[in-house]
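Please look at the sequence and the structure shown here before reading on.

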Amino acid sequence: MSDITASSIHGGVGAAAGARFHVSGEHHPESGTLLGFWLYLMSDCLVFACLFAAYGVLGRSYAAGPTGADLFDLPMVAVNTSLLLLSSITYGFAVLEMQRRRLRPVLAWLAVTGLLGAGFISLELYEFAHLIHEGAGPQRSAFLSSFFTLVGTHGLHVSFGIVWLITLMVQVGKHGLIAENRRRLMCLSMFWHFLDVVWIGVFTFVYLMGVLP
Amino acid sequence: MNHLDMQSLILGRLTWDAIPFHEPILLATFIGVALGGVALLVALTYFRLWGPLWRDWITSIDHKKIGIMYIVLGLVMLLRGFSDAIMMRAQQAIAFGDAVGFLPPHHYDQVFTAHGVIMIFFVAMPLVTGLMNFVVPLQIGARDVSFPFLNNFSFWMTAFGAGLVMMSLFVGEFARTGWLAYPPLSGIAFSPDVGVDYYIWSLQIAGVGTLLSGVNLIATIVKMRAPGMTLMKMPVFTWTALCTNVLIVAAFPVLTAVLALLSLDRYVGTNFFTNDLGGNAMMYVNLIWIWGHPEVYILVLPAFGIFSEVVATFCGKRLFGYASMVYATVVITILSYLVWLHHFFTMGSGASVNSFFGITTMIISIPTGAKIFNWLFTMYRGRIRFELPMLWTVGFMITFVIGGMTGVLLAVPPADFVLHNSLFLIAHFHNVIIGGVLFGLLAGITYWFPKAFGYKLDPFWGKCSFWFWQIGFFFAFMPLYVLGLMGVTRRLSHFDDPSLQIWFQIAAFGAALIALGILSFIIQLVVSFVRRESLRDTTGDPWNGRTLEWSTASPPPAYNFAFTPLVHDNDAWHDMKANGYVRPLDGFIPIHMPKNTGAGFVIAALSAVCGFALIWHMWLLAGAGFAALLAAVIVHTFNYQRDFHIPADEVVRTEGERTRLLLAGHV
Amino acid sequence: MPPLKNLRRRLLLLPAALLAGCNTVVLNPPGDVAAQQGHLIVVATVLMLLIIVPVIALTGLFAWRYRQSNRDETYAPDWDHSTQLELVIWAAPLLIIIALGAVTWISTHTLDPYRPLQRLDAARAVPAGAETLTVEVVALDWKWLFIYPGQGIATVNELAAPVDMPITFKITASSVMNSFYIPALAGQIYAMPGMETKLHAVMNRPGVYEGFSSNYSGAGFSDMRFRFHGMSAADFERWVQSVKAGGGALGRAAYLQLEKPSERVPVKHYASVAPDLYDAVLNRCVDSSKMCMDQMMAIDAGGLGSANAYRVATKAWRSGPGDSLARPYVEAMACTADNPEGKPVSAAVRATQ
């Protein structure tokens, strides 16, 4: 039972007073896309946190097998790292060009980013293949299981990022730098830089600390 | 490639042996389900409902429809989870001495695992998510959630996860590990069959849905509140929904990660949780409970929110201590991350670690207790109407506090050493889940049903349901407290001590009463539908409610509000009614709305295909399924035409219809 | 004051008395550690009833008094705040939790399963230089193995100990997580493969008590039960002698047989036990072709270099009809005169070329 009286139902005199309780025109709530994507990214960060934790607990359980010092090729990891960090810079240039609404430069910098990312993934796949060939695959010990999973999950994310990047390049090429595409470019930007930050964690805690006794 | 290789390439390890032809109970169930399913399909075809089903429900991105579908899913799965419970109670009541009962361990162990998994993941979670989905946008004066397509997709992921669990009944079998599947038992060495794989993939698929739902509702509450509704003017249910979804986003990734590690151990042969090459099973226990404890708060916080709304409405009073309720909820949210070790005090951590977690667990009872007192003092000097939601609430207040007490008891580590994994523990968590979560959900469903469907639920059958549940609960679980104090442990399918039998028989009687409670609820739904004209709600505000959802029609139009409300105070609708609110009758404008889409259903279905293929090692199908999934996602992103406008004259028609209804109700 | 103290003791015992008729062993056990733990349950319950009883009473009272049909009572629809009341609402539970927290901290440290006993019961401390009994416990699928290193015997599914003698249990498992629990004696603790947990307890009354696993471990879980016999010192000696007279030797081969899955296993006695058997079980190298875990961990701590990364051989697990799962393990080091560092054969051969 509510208190709406017959007269108020007919509108009339009370209409002006009623206006205090509603927005008369169209109400556009703020877009939640960037917040939503950020929240998803933080949840992804938590997944990585769990993988780092697993590596923290199991990272010295070599099962009398090869250790990080035995396996890690730091010069190659340095090259890999530079490729990834560079790709973050090139993505940054793409965003700058996006803000200037310059379509061709955006596509160009995206392409460079994609190539650098692909280079990163190729080197990583080569590293994995080499380790497996040496008998140091993920089944050998808990250390190797957690190494492959942490680094591999990061690589999987980069791979999905590259697929997304290519898709977005097609969509930007097709529809131009409309608002929807600019939002998507910002989301991919967050994703890409996030992966960069995770990689810095990986190469510090896994590679650099892993070669220490 | 010879015949055998071709078969294993395409079918993996799926063979005719997977179908339980020689299990009478399963066969009978399958026949029943098949017949019922066929009857349903025939009815849908005969009444030409396929079109409306696809257009108005399956592809709907309307939060109200999605909320209703979640609740339907939860209630259907309640029947399955409860059948598991009845089977357990029956087995435990008769399997003494030479009598082995009717469930050998091979089946009994699947039944108790499935019971836990289904009740938590496919009953409680969907019911909670469904209610939050339906109510929150209405309570904050919004037209929908922030990401309507994602909402639809989340639902279908949950539904297909439930589908996979149900499939395990008829194709293969389910896990025999308990609902949390601890390794090494759940590892490939000790559970080589498909059961644990069904467990992993159904939870991973449903988990994606839940996580995205969490992101969705947080963004909705943060970004889409009506103008004037500051955080401290939100309804308490919206506050608890916000905290719940924060918990979801912060906890479910841990579940995803730990199940992924278990599946790597099983599929690839990694050594996260194995015994011999450096693995550590204790790591799994820690990670799974880091998820598991926040999970139970994900279940109970919305229930607390429901009680806050119900108490204020049916006592005709402002909720006592709004600010303190909000702070208590936030404190509970944060503290729920600091208690997880209390689930395994007996795993051998030292005394200091155990005491720390015991004390943090006790500290959580303080804000929880504050909430109970606040509800009590809302009742004080109120004018209490004992409609059904209020009955459930009073039942909760008496039942839940007992469960809370036994929880604090278990939080004392040395006491836990003698009670861990005993029937006392089982009684405790059913006490808080049934007394807290289930009673809250039933209160919420009864409270918001008229809003969703335009008519109230039949009170007589509702009261039957309530009393059967309330009394049944005590008969079913108080004996379990006694049995725990007699030193009886959980998950046993056979006993030797005859002095225990009477307690199990009393518990079985309690389960039978609860069965009557569920039956009464089903009857209530049917009777209410049949009598819906006499139970009709024409005003949209059948309970003299206080929050914005009661300002809309019952059921609300697709766009919820013709004009976005402007909020000035807590209990916004109550404020509007008290201050001369007049419903606008003209000046309607076109309304911007999202379009329905089938993409969510398709992508979720492909995920389920992938999951099924991975379970049965059908690598070809898994690969193809995954590629199709990726393609479907990419194709969907090429769809830029996702919205439309409801034309102004349609709004005029809809609002005019409501005006007529309101007038008719006042004659 | 004596009357109050009596009353308090009677109140504390009330729940126990109410349930005494049901043999609630958890509340009234004959073992001292379990008795202290059961006592804690009663203390915690009484502390919390201080809040719970008023809450339930008030719920009933308010529901009745403020029902809509009762027009005599005041109706205060806008009364929603009272700082004083909030203070009480938050402070009362806080005080109870502070009390309970203190009890928790102290009792958790006193009753830490790893802590050797300080007392035999409420009246007697452990005498200086008192004899203790050590029992090594292995949770198998689905039975319990008890090794008595001091007596050199072993049993399956039967445990015996002298009354009033502190017992030290060292506990491990062979395959999956179990939980070692004798409700009459002391609280439980998990039994985990490759790991050792400890429990200290004492039995104060002779008798036969139930023991079992309280962590689900698979198909034979419901029947994974044993009897614990508390007996006088003399009776215990007699029991040890009877086991020794009964014959049977538990060496590595016999253990590997025992380890295979079996259910409803009858009581077995072994007159002698290989002295290094428990250590081998704990380090998962009863099968001597496997590297022991302590050796593995020592290697991990020191590092051997990838040239010496041990070969991972695979072995069929639980060989028997239908079991064809290969499980990897690290080969044991085999030091010989030609291979003094115990390198695996292939690496040793490489080194000589």
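## Chain contacts and helix packing

In this predicted model, the contact between chain B and chain C takes 87 residues from chain B and 92 residues from chain C. The size of an interface is often given as the accessible area lost when the parts come together. Chain B and chain C bury about 8,000 Å² between them, and 71% of this area lies on carbon and sulfur atoms. Chain B also meets chain A, in a contact that takes 61 residues from chain A and 63 residues from chain B. Here chain A and chain B bury about 5,100 Å² between them, with 70% of it on carbon and sulfur atoms.

Which charged side chains meet across these interfaces? Three salt bridges are found across the interface of chain B and chain C, whereas one salt bridge is found across the interface of chain A and chain B. The table gives one pair for each interface.

| Salt bridge | N to O distance |
|---|---|
| Asp276(B) and Arg284(C) | 2.8 Å |
| Lys223(B) and Glu30(A) | 3.1 Å |

Within chain B, two pairs of helices can be described in turn. Helix H4 (residues 63-94) of chain B packs against helix H16 (residues 501-530) of chain B at an angle of about 160 degrees, and their axes are 9 Å apart. Angles over 145 degrees count as roughly antiparallel, and H4(B) and H16(B) are therefore roughly antiparallel to each other. Their crossing is left-handed. Among the residues that make the contact are Leu75(B), Leu78(B), Phe82(B) and Arg89(B) of H4(B), together with Phe504(B), Ala511(B), Ile518(B) and Phe521(B) of H16(B). Sorted by class, the contact of H4(B) with H16(B) has 16 nonpolar, three polar and one charged residues.

How do the axes of helix H6 (residues 148-170) of chain B and helix H18 (residues 599-615) of chain B cross, and within what distance do they come? The axes of H6(B) and H18(B) come within 8 Å and cross at roughly 30 degrees. Angles under 35 degrees count as roughly parallel, and H6(B) and H18(B) are therefore roughly parallel to each other. H6(B) passes H18(B) in a right-handed crossing. The contact includes Phe149(B), Phe153(B), Trp156(B) and Met167(B) of H6(B), as well as Gly600(B), Ile603(B), Ser607(B) and Phe612(B) of H18(B). By class, the contact of H6(B) with H18(B) has 15 nonpolar, three polar and no charged residues.

How values were computed:
Residues are numbered from 1 along each chain as its sequence is written. Chains are lettered from A and ligands numbered from 1 in the order in which they are written. This is a predicted model: local features need pLDDT of at least 70, side-chain atom pairs count only at pLDDT 80 or more; totals for chains, interfaces and linings use all residues. Side-chain values use heavy atoms; hydrogens and water are left out. Axes are lines fitted to C-alpha atoms, for helices over the stretch in contact, and angles run from 0 to 180 degrees between N-to-C directions. Helices (H or I, at least four residues) and strands (E, at least two) are DSSP runs, numbered from the N terminus. Angles under 35 degrees count as roughly parallel, over 145 as roughly antiparallel, 65 to 115 as roughly perpendicular and the rest as oblique. A crossing is left-handed if the near helix is turned anticlockwise from the far one by less than a right angle, and right-handed if clockwise. Contact means heavy atoms within 4.5 Å. Ala, Val, Leu, Ile, Met, Phe, Trp, Tyr, Cys and Pro count as nonpolar, Asp, Glu, Lys and Arg as charged, and the others, Gly among them, as polar. Buried area is the accessible area (1.4 Å probe) that two parts lose on being put together, summed over both. A salt bridge is a side-chain nitrogen of Lys or Arg within 4 Å of a carboxyl oxygen of Asp or Glu.
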